[in-house]
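Hello,

Here is the structure I promised to pass on. Please open it first, then read my notes below.

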Amino acid sequence: LGCCTAASVVTDGGAAAAAAAGDERSLYIMRVVQIAVMCVLALTVVFGIFFLGCNLLIKSEGMINFLVKDRRPSKEVEAVVVGPY
């Protein structure tokens, strides 16, 4: 009976509006926190891929330099190139 009277509607209306405003604010804060967490995770993934790519590039460059140092031109090739001049 208390919920259906005009007096209870007037008195409960303010509390319901305040509760709705509080719920709306908490939902907004929760949304902002979710967006912040997703941004941090996205940046972590992007930088992880970037640094992994840089690391692989450095390692491949080092391996190429290692292979180039191992392949020394033979003296016979120099003799053939110098010979006709």
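Phe-47 is partly exposed, at 46% relative accessible area. Partly exposed lies between buried (under 20% relative accessible area) and exposed (over 50%), using a 1.4 Å probe and protein chains only. Phe-50 is also partly exposed, with 48%. Phe-51 counts as exposed, at 52%.

A word on the basis: this is a predicted model, where local features need pLDDT of at least 70, side-chain atom pairs count only at pLDDT 80 or more, and totals for chains, interfaces and linings use all residues. Residues are numbered from 1 along each chain as its sequence is written, and side-chain values use heavy atoms, with hydrogens and water left out.

Now the rings. A pair of aromatic rings is described by the distance of the centres and the angle of the planes. Rings of Phe, Tyr and Trp (its six-membered ring) pair if their centres lie within 6.5 Å; planes under 30 degrees apart are stacked, over 60 edge-to-face, and the rest tilted. How many aromatic pairs does the whole structure hold? The search finds two. Phe-47 and Phe-51 make a stacked pair, 6.2 Å centre to centre with 25° between the planes. These two residues are four apart in helix 1, so about one helical turn separates them. Phe-50 and Phe-51 have ring centres 5.4 Å apart and planes at 65°, so that pair is edge-to-face. Phe-47, Phe-50 and Phe-51 form one aromatic cluster.

Next, the overall fold. The protein has two helices and zero strands. Helices (H or I, at least four residues) and strands (E, at least two) are DSSP runs, numbered from the N terminus. UniProt, in an unreviewed entry, places a "transmembrane region" at residues 35–58. UniProt positions follow the numbering used here, feature names are shortened, and annotations may be inferred rather than shown by experiment. Residues 35–58 are 100% helix and 0% strand, and their end C-alpha atoms lie 34 Å apart.

Then the surface. Buried residues are 1% of the 85 in the protein. Its accessible surface is about 8000 Å², and 74% of that belongs to carbon and sulfur atoms. Accessible areas come from the Shrake-Rupley method with a 1.4 Å probe; for residues, only the protein chains shown count as cover. Met-38 sits in helix 1 (residues 6–70). Is Met-38 buried or exposed? At 55% relative accessibility, Met-38 counts as exposed.

Last, the cysteines. The whole structure has zero disulfides, a disulfide being a pair of cysteine sulfur atoms within 2.5 Å. Cys-39 is partly exposed at 44% relative accessible area. Cys-54 is partly exposed too, at 28%.

Best wishes
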